[in-house]
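Dear colleague,

I am passing on the structure we spoke about, together with an account of what was computed from it. Please look through the coordinates below before reading on.

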Amino acid sequence: PFSTTGDCGHVDGEAVSKKVESWDEASVIVQDDDLGQKTTFEVTRVLPPEFGQEQTFDAAGSDLLEAFKQDTNVLFFAYGQTGSGKTHTMLGEVESLAS
């Protein structure tokens, strides 16, 4: 086995234990239990987990959509447990994608 990057400390295919330790409106701290390290990511905005789809769009989506329409590169990163609704929030009902 080999390391995916020179200094990550993990081997390809190896399970890792990482969790969001805390966040505020402009940063997220991720705890890597395997390596005993914390990494802080500075971001434009963090939305709390209790936000619904409409609140999420109102808080971030409409600004990103307008920027996209103006030929600006945008990123909407959705992080969460499998089955928690990330794809539905981003794309809507599956039937609406068929057309």
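The second largest pocket of this predicted model has a volume of about 260 Å³, and the residues that line this pocket are Q53, T56, F57, G61, L64, L65, F68, V74, F76, T89 and M90. Both α1 and α2 contribute at least two residues each to that lining, with α1 providing the largest share, namely seven residues. Sorted by class, the lining of the second largest pocket comprises seven nonpolar and four polar residues, while charged residues are absent from it.

The largest pocket, for its part, has a volume of about 1,400 Å³. Its lining is made up of 37 residues, and those that lie nearest the centre of the pocket are V46, L47, F77, A78 and Y79. Two or more lining residues come from each of the elements β1 (18-24), β2 (27-32), β3 (37-42), α1 (53-69) and α2 (86-91), and among these α1 gives the most, with five residues.

Of the 99 residues in the protein, 11% are buried. The protein exposes about 8,000 Å², of which 53% is supplied by carbon and sulfur atoms.

A word on confidence belongs with these findings. The mean pLDDT of the protein is 78, and 83% of its residues reach 70 or more. Over residues 1-6, however, the pLDDT is below 50, although this stretch does have eight contacts in the model beyond near neighbours in sequence. Where pLDDT is low, the predicted coordinates should not be read in detail.

With kind regards

Conventions:
Residues are numbered from 1 along each chain as its sequence is written. This is a predicted model: local features need pLDDT of at least 70, side-chain atom pairs count only at pLDDT 80 or more; totals for chains, interfaces and linings use all residues. Side-chain values use heavy atoms; hydrogens and water are left out. pLDDT is the predictor's confidence in each residue, from 0 to 100. Contact means heavy atoms within 4.5 Å. On a 1 Å grid over the protein atoms alone, a cavity is a set of points where a 1.4 Å probe fits but cannot get out, and a pocket is an open set with protein on both sides within 12 Å along at least five of seven lines; lining residues have an atom within 4 Å of a point. Grid points are joined across faces, edges and corners, and a volume is the space filled by probe spheres set on the points. Helices (H or I, at least four residues) and strands (E, at least two) are DSSP runs, numbered from the N terminus. Ala, Val, Leu, Ile, Met, Phe, Trp, Tyr, Cys and Pro count as nonpolar, Asp, Glu, Lys and Arg as charged, and the others, Gly among them, as polar. Buried means under 20% relative accessible area, exposed over 50%, partly exposed in between (1.4 Å probe, protein chains only). Accessible areas come from the Shrake-Rupley method with a 1.4 Å probe; for residues, only the protein chains shown count as cover.
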